[in-house]
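Have the structure open and follow along.

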Amino acid sequence: YRQLSADSGDGATLGSFKARALGAGPVVSYVFRVRKIAVAMDLRWTRDFGVRNRLDGDLWFFKAAAAP
């Protein structure tokens, strides 16, 4: 993530910060069938690094999808 334009407006009382962040991490995917329905699941973990002018931390995502 890289903010291209500086903050502006009434809420920018601390100045025109430009934020940036990088993230990387693994993804685990699993596809299987339940009767005749295909089910896909993903679990993703992303660790932030190189963060400037924004909060940093770990992100966890879980996604599930089904299709006949």
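Q: Which residue of β3 does Phe32 stand opposite?
A: In this predicted model, Phe32 faces Val39 of strand β3.

Q: What makes β2 and β3 a pair of strands?
A: Two strands pair if there are at least two bridges between them. Strands β2 (residues 27–34) and β3 (residues 37–52) have 8 bridges, so they qualify, and the sense is antiparallel. Their hairpin leaves 2 residues between the strands, and Arg35 takes a positive phi near 60° there.

Q: Why is Tyr30 called exposed?
A: Exposed means over 50% relative accessible area. Tyr30, in strand β2, has 53%, so the word applies.

Q: How do you know that strand β2 is hardly covered?
A: The count of buried residues among the 8 residues of β2 is 0. Buried would require a relative accessible area under 20%.

Q: Which residues form the nonpolar patch on the surface?
A: Val28, Tyr30, Met41, Leu43, Trp60 and Phe62 do, with about 690 Å² of accessible area together. Strands β2, β3 and β4 (58–67) each give two or more residues to this patch.

Q: What makes up the positive surface patch?
A: Arg20 is one of its members, and Arg2, Lys18 and Arg52 belong to the patch as well.

Methods. Residues numbered from 1 in each chain as written. Predicted model: local features only at pLDDT ≥ 70, side-chain atom pairs only at ≥ 80, totals over all residues. Heavy atoms only, no water. Buried < 20%, exposed > 50% of the residue type's maximum accessible area, 1.4 Å probe, protein only. Helix = DSSP H or I, 4+ residues; strand = E, 2+ residues; numbered from the N terminus. Patch = residues over 30% accessible without salt bridge, like charges linked within 9 Å, V, L, I, M, F, W, Y side chains within 5 Å. Areas by Shrake-Rupley, 256 points an atom, 1.4 Å probe, with all protein chains shown as cover. Salt bridge = Lys/Arg side-chain N within 4 Å of Asp/Glu carboxyl O. Lys, Arg positive; Asp, Glu negative; His and termini not counted. Charge placed at Lys NZ, Arg CZ, Asp CG, Glu CD.
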